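Welcome! Please load the model in your viewer and get your selection tool ready.

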Amino acid sequence: MKIEVRGRKYTAFKSATADIRIDTLANSFSFAATPAKDAGLPFGRGEECVIHVDDEPVITGYIETVAGSGDYSSHVIDILGRDKTSDIIDSTLLPIKDIKAPITLKQVVELIIQQIGSSLDVIDYTGAKFEKSEDVIAVERGDNAFQFIEKLARKKNVILTSCIVTGK
């Protein structure tokens, strides 16, 4: 497993995991490193990264935590993060006036993504559409983006999931 930050891949880790699940929206990753004496990591919290398994990208996200532990003879640095769908999970919405039927679920999600300033792409295999205005739930101040999108998806029996698309 490798972590790529700013175009450079790093591989010298004691352990590494990528937790990719269909029942959670944001996939996660963790790495444990033992840096050389008096050396730190060349990247830090908040940086964008790509996680590779067998040279295939499996997670595109952010480093959320860099924490160290150890004693006088050795130390370990733990790197934890989640994929970019964490933008939706961690955000708060403002009311959106552009949600008027007829509108597709994909169009609603794209409006939400635009409002929170994320770079996520939406892939829709369902074509779910809201035909009547009363079918569309209004965003209320303070709503979480994921909870709002999930309510709309449930109305159309759509399961939300995260994936990485290669070959763009």
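This short tour goes from one stop to the next, with something to select at each. Keep in mind that the model is predicted.

**Stop one: aspartate 87.** Start by selecting helix H1, residues 86-89, where aspartate 87 lies. This aspartate is buried but forms no salt bridge. Show lysine 84 as well: its side chain is the nearest of opposite charge, 6.6 Å away.

**Stop two: the largest nonpolar core.** Select Ile88, Ile99, Leu105, Val108, Ile112, Val139 and Phe148; of the 25 residues in this core, they touch the most other members. Helices H2 (105-116) and H3 (145-155) are the elements that give two or more residues to the core, and H3 gives the most, with six. Next, centre on valine 139: leaving out residues up to four places away in sequence, its contacts include Leu93, Leu94, Pro95 and Ile96.

A second, separate core has 14 residues, including Ile3, Phe31, Phe43 and Ile63.

**Stop three: asparagine 144.** Look in the loop between strand E9 (129-130) and H3 to find asparagine 144. Is this residue buried or exposed? Asparagine 144 counts as buried because its relative accessibility is 17%, and the cut-off is under 20%. A polar atom of its side chain lies 3.0 Å from the backbone nitrogen of glutamine 147. Finally, show Ile88, Ile89, Ser91 and Leu93, which asparagine 144 contacts beyond its neighbours within four places in sequence.

Notes:
Residues are numbered from 1 along each chain as its sequence is written. This is a predicted model: local features need pLDDT of at least 70, side-chain atom pairs count only at pLDDT 80 or more; totals for chains, interfaces and linings use all residues. Side-chain values use heavy atoms; hydrogens and water are left out. Helices (H or I, at least four residues) and strands (E, at least two) are DSSP runs, numbered from the N terminus. Buried means under 20% relative accessible area, exposed over 50%, partly exposed in between (1.4 Å probe, protein chains only). Lys and Arg count as positive and Asp and Glu as negative; His and the chain ends are not counted. A salt bridge is a side-chain nitrogen of Lys or Arg within 4 Å of a carboxyl oxygen of Asp or Glu. A nonpolar core is a set of buried Ala, Val, Leu, Ile, Met, Phe, Trp, Tyr and Cys residues joined through side-chain atoms within 4.5 Å. Contact means heavy atoms within 4.5 Å. A polar contact is a pair of N or O atoms within 3.5 Å; within protein, one must be able to donate a hydrogen and the other to accept it, and residues adjacent in sequence count only if both atoms are side-chain atoms.
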